Amino acid sequence: MTSLPIHYDPPIKDPSELRPVREEKADGPDLISLLDQQEPAHKLANLQGIPVLEISGEASYHRPYSHCVAKWLNQAGCKDHLRELEDVGLPAMAIR
């Protein structure tokens with residue numbers, strides 16, 4: 001998600017401490033299955049309470065995994081909202 005340090009609570013020294021587990025089935029066709037933390041999940045202490053809006057377009061190369069980022073952030077205690085542009089009236093063909 002970033003090249004900057006991320007601070008989890010409880011703190012971690014190695015990413016393996018997040019104990020990632022892949023979902024058995026993706027949320028939909030053409031989507032990547034989520035890599036989630038085993039519970040209890042480590043929280044992103046510095047982002048708690050800060051709303052995050054993630055926007056995804058149909059033609060974006062991020063599209064297959066943007067839902068994964070949103071779910072990871074929510075599990076880590078953030079208030080992430082994923083909005084797909086076509087759901088708010090902006091399908092890929094409308095953007096030129």
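Counting a salt bridge as a side-chain nitrogen of Lys or Arg within 4 Å of a carboxyl oxygen of Asp or Glu, the total here comes to four. The structure is a predicted model, with local features taken at pLDDT of at least 70, side-chain atom pairs at pLDDT 80 or more, and totals for chains, interfaces and linings from all residues. Residues are numbered from 1 along each chain as its sequence is written, and side-chain values use heavy atoms, leaving out hydrogens and water.

One of the bridges pairs Asp27 with Lys71, the closest N and O atoms being 2.5 Å apart. Asp27 sits in the loop between β2 (20–22) and β3 (35–37), while Lys71 belongs to helix α1 (residues 63–75), 44 residues away; helices (H or I, at least four residues) and strands (E, at least two) are DSSP runs, numbered from the N terminus. Glu23 joins Asp27 and Lys71 in one network through shared partners.

Arg63 takes part in two pairings: with Glu84 at 3.6 Å between the closest N and O atoms, and with Glu86 at 2.3 Å. Since Arg63 lies in helix α1 and Glu84 in strand β6 (residues 79–84), the former pair ties together parts 21 residues apart in sequence. Arg63 is buried, at 14% relative accessible area, whereas Glu84 is partly exposed, at 25% (buried is under 20%, exposed over 50%, partly exposed in between; 1.4 Å probe, protein chains only).
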